[in-house]
Amino acid sequence: MHYCITHGGGKILIKNTDKYPELFSSIPQSSQLSAVYSDIEELTELLVAYFKQGIERGDHCLWIIPDSLAAEKAENELKKAGVDVGKYITSSQLEIMPAGTLSESVLLLESAVKKLTEEKSGKALSEGVSGFRTNLDVKGAGSSFKTCFEGLEKIHEEISQGNRVNLTFLSTFPLEELSGSALLEMVEEKGVLVKRNNKWGYLVNTCNLNGHKELETTLLKAKKDAEATNRAKNSFIMNMSHELRTPLNSVIGFSDLLLEGAFGPMNTKQAKYVNNILISGKSLLEIINNLLDISRLEAGENTLKYEEVDVASLIGEVRVSLLSPASVKKITVELDIGPSVGNVRADMTKFRQILYNLVSNAIKFTPAKGKVIISACKKEGVLEVKVSDNGMGLSKESHEKIFMPFTQADSSAARGYGGAGLGLYIVRNFVDLHGGRIWVESEIGKGSTFTFTLPVESENAPLQENKKKKVN
């Protein structure tokens with residue numbers, strides 16, 4: 001079965017592989033496959049279907065996972081899909097191996113993969129198994145993507161020659177690390193598995209009657225249509241946000257006046273309810289402001305107004321502004337500012353919002369009587385700022401996902417803290433605009449440390465002060 005997207009007489013053929021148990025059934029078993037995924041859930045779903053099919057066909061299956069912590073999750077997901085994991089691990093038909101033994105260097109990675117695949121496929125043959133399949137999740141390849149992709153293809157071809165074992169090799173790539181041109185190359189070369197409209201499909205390029213490839217034209221049209229839709233959405237959000245802010249500011253303002261006793265004293269119960277109105281109003285205003293920021297970013301309104309920023313003073317200002325919510329939970333907010341921090345060239349408004357969002361998040365997810373530490377120092381031409389807490393922490397699977405819009409950590413405890421999941425997405429975009437980096441180090445139950453860097457002197461500062469930089 002298959003379905004087509006047609007455009008101008010040409011076709012992009014998408015083989016239908018959306019039935020979960022037979023996800024790979026319409027693709028030749030002995031082949032080198034590629035897939036892209038947007039998050040860890042998509043990757044897990046894909047690999048479960050891939051290895052379930054292999055087990056059912058009698059293949060020797062080697063599932064390469066990120067680390068030992070992911071092994072239990074892999075086994076659980078296979079069990080949910082109806083696989084008797086214990087039986088197949090005991091018989092050695094299924095192996096789950098951490099990727100820590102494979103080198104991160106592209107050239108060394110190819111060598112390690114070749115050695116491992118030859119060893120395991122040879123073992124499969126000696127055990128009388130007709131098929132062998134494995135996977136490799138390729139991350140951080142960057143500009144070396146094509147070299148890595150071609151190297152893995154070469155390994156597959158070399159091992160397949162004269163090998164009586166049907167070899168299936170699945171390479172998976174994070175979508176966010178691939179440029180549009182890289183993805184186009186993958187599709188044009190051999191095709192790629194993608195998830196569209198909640199269904200997995202195998203995207204391959206076909207030609208029209210005149211032999212002209214239509215994929216690029218179709219993708220460009222789709223991109224233009226998506227951009228038009230996105231502009232309409234951003235315009236709606238910005239207009240609605242402005243309309244909501246006016247009455248909401250009145251609600252917040254009058255609540256403040258009531259609490260201050262401007263219209264006479266209130267009893268304890270009245271003051272409690274008015275304070276709840278004020279807190280809810282401020283939370284809603286924060287969400288609206290975040291939506292406006294995202295709309296501006298997506299619309300390309302991301303001008304940086306560089307100026308000299310006193311780092312210690314700005315961090316102190318943000319700390320003072322958040323002492324009230326911290327004091328309610330009896331959380332101490334400590335500073336550890338290096339003596340040589342001094343000034344940096346940055347957009348003060350966006351720098352302030354980066355700090356505010358990170359510190360307010362730390363306070364939100366830290367239990368009562370906990371501690372939040374804001375530290376800053378300069379090293380190797382960059383300012384490094386850390387916001388640490390001793391709160392609930394994050395799983396490794398959440399480290400990248402939390403920087404996506406409208407996304408929070410998976411646990412029910414995290415969801416209980418509320419929020420729209422917009423703050424960290426905005427933080428990452430503002431840090432990126434400055435030419436910096438942001439990352440998180442965290443473990444469940446051991447707190448989190450968010451670290452970001454900003455160049456001390458941006459080479460692009462004079463060019464960006466009065467110029468809008470479009471986001472592609």
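The accessible surface of the protein chain comes to about 24,700 Å², and carbon and sulfur atoms account for 53% of that. Areas here come from the Shrake-Rupley method with a 1.4 Å probe, and for residues only the protein chains shown count as cover.

A word on the source. This is a predicted model, where local features need pLDDT of at least 70, side-chain atom pairs count only at pLDDT 80 or more, and totals for chains, interfaces and linings use all residues. Residues are numbered from 1 along each chain as its sequence is written, and side-chain values use heavy atoms, with hydrogens and water left out.

Now confidence. pLDDT is the predictor's confidence in each residue, from 0 to 100. The protein chain averages 75, with 69% of the residues scoring at least 70. Strand β14 (residues 382–389) has the highest mean, 93, and strand β1 (residues 2–7) the lowest, 33. Residues 410–420 have a pLDDT below 50, yet this stretch has 22 contacts in the model beyond near neighbours in sequence. Residues 462–472 also fall below 50, with 21 such contacts. Contact means heavy atoms within 4.5 Å.

Next, the fold. There are 15 helices and 16 strands; these are DSSP runs numbered from the N terminus, H or I of at least four residues for helices and E of at least two for strands. Of contacts between residues at least 6 apart in sequence, 73% join residues at least 24 apart.

How much of the chain is buried? Of 472 residues, 43% are. Buried means under 20% relative accessible area, exposed over 50%, and partly exposed in between, with a 1.4 Å probe and protein chains only.

Thr-366 is one buried case, at 0%. Thr-366 lies in the loop between α11 (348–364) and β13 (371–379). Beyond neighbours within four places in sequence, its contacts include Lys-329, Ile-331, Asp-389 and Asn-390.

At the surface, Phe-254, Leu-257, Leu-258 and Phe-263 form a nonpolar patch with about 380 Å² of accessible area together. Patch residues have over 30% relative accessible area and no salt bridge; like charges are joined within 9 Å, and nonpolar side chains (Val, Leu, Ile, Met, Phe, Trp, Tyr) within 5 Å. A salt bridge is a side-chain nitrogen of Lys or Arg within 4 Å of a carboxyl oxygen of Asp or Glu. Phe-263 sits in the loop between α7 (215–259) and α8 (268–298), and is exposed at 56%.

Last, cysteines. The structure holds zero disulfides, a disulfide being a pair of cysteine sulfur atoms within 2.5 Å. Cys-61 is buried at 0%, whereas Cys-377 is partly exposed at 29%.
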